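My notes follow in the order in which I checked things.

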Amino acid sequence: MSALGVRFGVIGINHNHIFGQVDALLGAGAEFVSFFAEEDELAAPFAERYPQARRVHDARQILEDDGIAVVVSAAIPKDRARIGLAAMRHGKDYMVDKPGMITLEELAEVRRVQKETGRIYSIFYSEHFSSRVTDKAGELVRSGAIGKVVNTLGLGPHRLNAPIRPSWFFERAAYGGILTDIASHQCEQFLFYTGAKDAEITYALVANRNNPQAPGLQDFGEMTLKSENATGYIRVDWFTPDGLPIWGDGRVMIVGTEGTIEMRKYIDVAGREGKDHLFLVDKAGMRHLDCSNEELPYGRNFLNDVRDRTETAMGQEHCFKAMELVLKAQALAEEAR
């Protein structure tokens, strides 16, 4: 099977990340065959955007289609592991929006079935795989531009937009908690930039600071973690001010023994236009790099992995370890409450 010959179907379109997932595969040459969505109000605009894909009315029509190699999902988080387990048991690879599961028990079952079936279970950490500056920073780190990484700082603020959110958004059992829901991005990047294979959660907190009318919502979360040679701090929240023209000022800062990197991923509040801004400070001075034209290799690499049974888009254990860390942090934070 060539990468261009990979056919995929979608089950669950409840988060807008599905557009980035589908576009990554289409951009790499895959064929979008069919999709399943229970909600007509979501299915109509989705079908308009992707007229080549046929809407089916039973997910089994995708799972049992031998011509489909990959199932893609951005379903409600509580349903994502279940869909992935079914996909793998039907001999299909799986690409799912983060969080790829919302409990440690689900993670254990996914790990078991993935090992048994040999299928790919890829979690689409969009703040990495849809961010051109993220991979550029990884290139610089691997080249030794800032020496050995000793610390990362990951900030993930989001705009709440409460009036347009679906009911499940406010249900802890449906979305998994704020760390699970958002901070898996930052946990994955901690592993990516430090090269760590594992880490320990040293502190975690979740809270509802300003939304008493929605007791199931956690609007603030933070955590710290450490590996053998590095530490990290992560903060996520639903407090993006209305004056910011985008959903959130997501940033990552990497401290190395010989320099620092700061990424202003989605906006530069200092005034530079566009996104994907990288600031490098080293012994030679200070530089701003515009990374808006850098490649996004995930889609191509994922299709090659489907074809070649490799792990070039993301190592399978790396994929799971990021979720393991954030699920442990979520559990620790809720125990403390």
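**Entry 1: helices on the sheet**

I started with helix α9 (residues 178-194), which lies across β7, β8, β9 (220-226), β10 (231-237), β11 and β12 and runs at about 150° to β10. Helices (H or I, at least four residues) and strands (E, at least two) are DSSP runs, numbered from the N terminus. Axes are lines fitted to C-alpha atoms, for helices over the stretch in contact, and angles run from 0 to 180 degrees between N-to-C directions.

I noted what kind of model this is: it is predicted, local features need pLDDT of at least 70, and side-chain atom pairs count only at pLDDT 80 or more, while totals for chains, interfaces and linings use all residues. Residues are numbered from 1 along each chain as its sequence is written, and side-chain values use heavy atoms, with hydrogens and water left out.

Next I looked at helix α7 (residues 132-142), which packs on the sheet and touches β7 (149-157), β11 (251-256), β12, β13 and β14. Contact here means heavy atoms within 4.5 Å. The direction of α7 makes about 170° with that of β12.

**Entry 2: the sheet itself**

In what order do the strands of the open sheet lie? I read the order as β8-β9-β10-β7-β11-β12-β13-β14, which makes 8 strands with mixed pairing. Two strands pair if DSSP finds at least two bridges between them. The edge strands are β8 (200-207) and β14 (285-290), and each of them pairs on one side only. From one strand to the next, the twist averages 10°. As a reminder to myself, strands of a sheet pair through backbone hydrogen bonds, either parallel or antiparallel.

I then followed two of the pairings. Strands β12 (residues 259-264) and β13 (residues 277-282) run antiparallel and are joined by 6 bridges. In this pairing, M263 stands opposite L278 in β13. Strands β13 and β14 also run antiparallel, with 6 bridges between them. F279 has H288 in β14 as its bridge partner, and a hairpin of 2 residues joins β13 to β14.

**Entry 3: α7 against α9**

I went back to the two helices from my first entry. The axes of α7 and α9 are 9 Å apart, and the helices pack at an angle of about 30°. They are therefore roughly parallel to each other; angles under 35 degrees count as roughly parallel, over 145 as roughly antiparallel, 65 to 115 as roughly perpendicular and the rest as oblique. I listed T134, D135, A137, G138, V141 and R142 of α7 and Q189, F192 and Y193 of α9 as the residues that make the contact. By class, these are 4 nonpolar, 3 polar and 2 charged. Ala, Val, Leu, Ile, Met, Phe, Trp, Tyr, Cys and Pro count as nonpolar, Asp, Glu, Lys and Arg as charged, and the others, Gly among them, as polar.

The buried residues of α7 are V133, T134, D135, K136, A137, G138, L140 and V141. After α7 comes G144, with a positive phi near 85°.

**Entry 4: helix α10**

I checked helix α10 (residues 298-308) in the same way. Here 8 of the 11 residues are buried, so α10 is largely enclosed by the rest of the structure. I wrote these down as Y298, G299, N301, F302, L303, N304, D305 and V306. Their cover includes α1 (17-27), β4 (70-74), β5 (93-97), β6 (121-124) and α6 (126-129).

**Entry 5: backbone details**

Is D276 buried or exposed? I found D276 buried, at 4% relative accessibility. D276 sits in the loop between β12 and β13, and its phi is also positive, near 60°. R309 is partly exposed, with a relative accessible area of 37%.

Last, I noted that the peptide bond from K98 to P99 is cis, with omega near -5°. P99 is in the loop between β5 and α5.

Key
Buried < 20%, exposed > 50% of the residue type's maximum accessible area, 1.4 Å probe, protein only.
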